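Grab a pencil and work through these exercises with the structure open beside you. Try each task on your own before you read the solution.

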Amino acid sequence: MWIRGPLNYVGRRFDSKPSWFKGLCTCLTENGSVPALPKANRLTVLQAVDLWTKTFEQRDVSEPQHSSQHIISHLLGAKTLESLGKDRLGELLTQEQTAQIWDLCNKRLTRMPVQYVIEEWDFRDLTLKMRPPVFIPRPETEELVGLVLADFQKGHMTGVNGKAGYRCLEVGCGSGAISLSLLKSLPQVGAFALDQSQDAVSLTRENAHCLGLSGRLEVYHMDVMKDADAVVNLCRPVSALISNPPYLFSEDMTSLEPEILRFEDHAALDGGRDGMQVIRHILAIAPKVLSTHGRVYLEVDPRHPALIQRWVEENVHGLQYVSTQRDITNRPRFCILQKEEGSAGLEKAQG
């Protein structure tokens, strides 16, 4: 998992715990069972966090402390325990609150990602609705959006047909995180968003409506591998093409965590034998859909930048490889390419 945030209140235990609570934790430690829903006794917020952290640890759920804190904070109307406030940590939970916590934490025990359990997640300055099997945006994708915004501020993003307006195309929109984040930050920009999954298209539209951005976003159920000509005819010209495409090598899929394998759309993850099946199609349409000097921004596997640069040089006329950018862990994660002047881009994807 990839839960983030300064969540450290679990370490601050109460000095005195009732005997029934100690017995519950002892039973949990001995047999790894799921704690029974308290009927006669009430838990404090911090005791509930402590109990479910231990439960997740016993059941080998990844990031047990963060999982427990995020779920319980969410049910109490806060993002984190810190934002909930110290005074409330010792408050007794109502029976209704306790039942809700048990319900959501039991979902987490199935290895459902926290993002799906609480049905929302923050992406940059947005809170997006989340539901399976739509791909959950990762922190690296926030960095991808940052690269696009930085280039816009530097004047690298060109207007459409010499006009002052700008349009972007997101291929593989998932929850709409990339497009909606760009629209929120750049009021002069409009966007197209595409996905092969109807679930993703519906969620992107829902998030756009909730954020008041529907008027500047057109969302389509299209597959760039099957509907390339339709994508070009519908969307061109655009100032930028941005994508976090499926880029995992097929052989790596089996090593993914249960949270991913059981709940997320495999089509949004599996990039084929070399992880570039969808990437090649995106690069092939790029010169056709981009305005002059328009740019492509891709999030990829660290093994991909050199492969992409070589493939473009050999197969795509009019698209120049600009740079490889590293992510926060210093891995080569992002590729930036640019359409050369006078290019129509007549090539098709191979393989």
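**Exercise 1: a charged pair**

Aspartate 301 and arginine 303 form a salt bridge, with 2.9 Å between the closest N and O atoms. Work out whether each partner is buried or exposed, or something in between.

Solution, step by step:
- Before you start, note that this is a predicted model: local features need pLDDT of at least 70, side-chain atom pairs count only at pLDDT 80 or more, and totals for chains, interfaces and linings use all residues. Residues are numbered from 1 along each chain as its sequence is written, and side-chain values use heavy atoms, leaving out hydrogens and water.
- Check the term: a salt bridge needs a side-chain nitrogen of Lys or Arg within 4 Å of a carboxyl oxygen of Asp or Glu.
- Recall the background: side chains of opposite charge can pair when their charged atoms come close.
- Now the cut-offs: buried means under 20% relative accessible area, exposed over 50%, and partly exposed in between (1.4 Å probe, protein chains only).
- Aspartate 301 has 9% relative accessibility, so it counts as buried.
- Arginine 303 comes out at 41%, so it is partly exposed.

**Exercise 2: a strand and its neighbours**

Find out which strands pair with β7, and in what sense.

Solution, step by step:
- Two strands pair if DSSP finds at least two bridges between them.
- Strand β6 (residues 238–243) runs parallel to β7, joined by 5 bridges. Here valine 238 stands opposite leucine 290 of β7.
- Strand β9 (residues 332–339) pairs with β7 in the antiparallel sense, also over 5 bridges. Arginine 295 has glutamine 338 in β9 as its bridge partner.
- Why is β7 largely enclosed by the rest of the structure? Because 8 of the 10 residues of this strand (residues 290–299) are buried.

**Exercise 3: the nonpolar cores**

Pick out the residues with the most contacts inside the largest nonpolar core.

Solution, step by step:
- A nonpolar core is a set of buried Ala, Val, Leu, Ile, Met, Phe, Trp, Tyr and Cys residues joined through side-chain atoms within 4.5 Å.
- The largest one has 62 residues, and Val45, Cys168, Leu182, Leu217 and Ile242 have the most contacts inside it.
- Follow leucine 182: leaving aside residues up to four places away in sequence, it touches Val145, Val148, Leu149, Cys168 and Ile242. Contact means heavy atoms within 4.5 Å.

Methods:
Helix = DSSP H or I, 4+ residues; strand = E, 2+ residues; numbered from the N terminus.
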